[in-house]
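Below is a briefing on one structure, grouped by topic.

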Amino acid sequence: MAKATFSVRRQTGFATIALVCFVMLYAPILTLMIYSFNDGTSVAIWEGFSWRWYERAAANEQVQESALLSLKIASIAAVLATIFATMAALATTRTRPYRGLTAIFAAINTPLMVPEIVTAVALLIFFASIKVATGYTGIAYLVAAHTAFCIPFAYLPIRARLESMDATLEIAAADLYATPWRAFRRVTFPLLWPGIVAGLMLAFVISLDDVVITEFVKSAGQDTLPTYMLGQLRRIVTPEMNAISTVFLGISVMVVALFFFMTRKKN
Amino acid sequence: MAISGTQSQRGGTHVSAAEAAAAFERRETRTRWLLSAPALITLAVASIGPLLIVLVYSFLQKNPNGGVFWQFSTDAWFNVILQRDIFDDTLQFADAHLSIFWRSVKLSMGTTVLALIFGFPTAYFIATRPERTRELWLFLITIPFWTNLLIRTFAIQEVIRNEGIVNSLLLWVGIIDAPIQMMFTDFAIMMGMLYVFLPLMVLPLYASMEKLDFRLVEAGYDLYATRLQVLRRVIIPLVKPGIIAGSILVFIPSLGAYVTPRVLGGGKSLMLGNLIELQFGQGRNWPLGAALSMTLLCIVMVALLVYVRKTSRQGGAHG
């Protein structure tokens, strides 16, 4: 007879390692957040609570500009990527296999498979020659690059949602003489909406976080918040960086938490 | 089926049902291609197309002022592993490149193994929680995965640098007299990569463990197996697809890591990603950078191919 506490699910030491793991994951982030409120310039010695680094970051023009550019690019790229991904998801789900279907899948997933540095270098080469040829150095390059690598992230939740949806409702709509567009607007779209929002949020966060591709594609003076931070990390680090990071993390966590609860409700 | 029926009726009596169905299917396939077009065009312009250009560039001659001369040359590919001696023109292995290749592979493998050591128990822990709290634990793993990689690297830097938490603490307690140099070492890069890529190991492992049938574990114990035996003979074989998926998912981004080695390795400990960047910056050898990029891409593709073949074979065995 086994002891009363014996559980087949338990493995000795696993819970300890798991807890160490969670502490390891969160301790650095939490320390970073705590020291953003440190009054002193040190990132290791606590000298009292203060908002001064937040004030300084908010007053820093470079931070303002790069944060604005980050939000601008992330919004445009996320919306475009979500629209394109929704269309692609409609085209690739609930169908019998057709010629080229696998190719479309592969194409959509390329940004997930190709190492970021390789894509970054490829875009650098390609866009550099376009920049020389056209003279245009605006943010369209960044938007195009971000849209491309956001597509697979927007596509995943939308496709998952579509696959869990029943096609009979649309067939019923068609039987009742709804045009394909009307059937989409009145039947498919409302049902698909949570998936689309989830895709939009993921795409937004992914675009907001990107460092490598942006670093290689950007023209002079086009710093996003992450590339600005990467540039600053080379110099002496002040708690101002902690303050910026904390706000940045707050935004990401909020969006992800929203995403998590939305997709959870679905189940 | 219902739709194709109405279509054939609309098409009139001359057309047979089969022909109408075929025409409908053709039209539908065309619509599907049109719907995919915007995504495919964007990807062609800003992802797949540029990769082909990189391939072309890797076969061109370098312009020492940056860029290329449009002349066919295999020098770049040659230079990936070999170099000509400046003095007597003899061929040698390009030690600098090879050592960076080796470091990249070594550190990526180390990261993968560490991630497995820490990630396996974590995934198991989450999978064995009661249903209600399980989602919360999973959420806690997912959060760092979606937060900025640069900020997480920055956070780990604050922990391990000379004036960082660990050294300050050790100095304060009096265990050490001088800070331990951890930044700008291979150790720092590996810690950083472990930290940022750990969720990529835990998530697929959890996905396999969630499906684990614990009656089999119970049967193992009933047959007098020890915990270690159950782990080795029952659990690990059953979650093997998750182990493979997690390892691939950690290994691939580690191999192509750029930000983590740049921040934590300084200029001293380069990895493949930094070597590639160097060719487009100070190195001014675009074709070599292109060839190195293609080499990295090839390694990643081989790893993915191995993964796909392994998992499909396993899927076949189960089905």
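Domain bounds come from an automatic or database domain assignment. On that basis chain B splits into domain 1 (2-57) and domain 2 (95-318), and the centres of these two domains of chain B, taken over C-alpha atoms, are 40 Å apart. The model is predicted: local features need pLDDT of at least 70, side-chain atom pairs count only at pLDDT 80 or more, and totals for chains, interfaces and linings use all residues. Residues are numbered from 1 along each chain as its sequence is written, with chains lettered from A and ligands numbered from 1 in the order in which they are written.

**Interface of chains A and B**
- In chain B, 69 residues are in contact with 69 residues of chain A (contact: C-beta atoms, placed from the backbone, within 7 Å).
- Helix 2 (residues 17-57) of chain B supplies the largest share of the side that touches chain A, 19 residues (helices are DSSP runs of H or I, at least four residues, numbered from the N terminus).
- That side of chain B has 46 nonpolar, 16 polar and seven charged residues (Ala, Val, Leu, Ile, Met, Phe, Trp, Tyr, Cys and Pro count as nonpolar, Asp, Glu, Lys and Arg as charged, and the others, Gly among them, as polar).

**Helix 5 of chain A with helix 2 of chain B**
- Helix 5 (residues 116-134) of chain A packs on helix 2 of chain B at about 80°, with the axes 8 Å apart (axes are lines fitted to C-alpha atoms, for helices over the stretch in contact, and angles run from 0 to 180 degrees between N-to-C directions).
- The two helices are therefore roughly perpendicular (65 to 115 degrees).

**Helix 1 of chain A with helix 4 of chain B**
- Helix 1 (residues 14-35) of chain A and helix 4 (residues 95-127) of chain B pack at about 105°, their axes 8 Å apart.

Conventions. Two residues are in contact if their C-beta atoms, placed from the backbone, lie within 7 Å. Angles under 35 degrees count as roughly parallel, over 145 as roughly antiparallel, 65 to 115 as roughly perpendicular and the rest as oblique.
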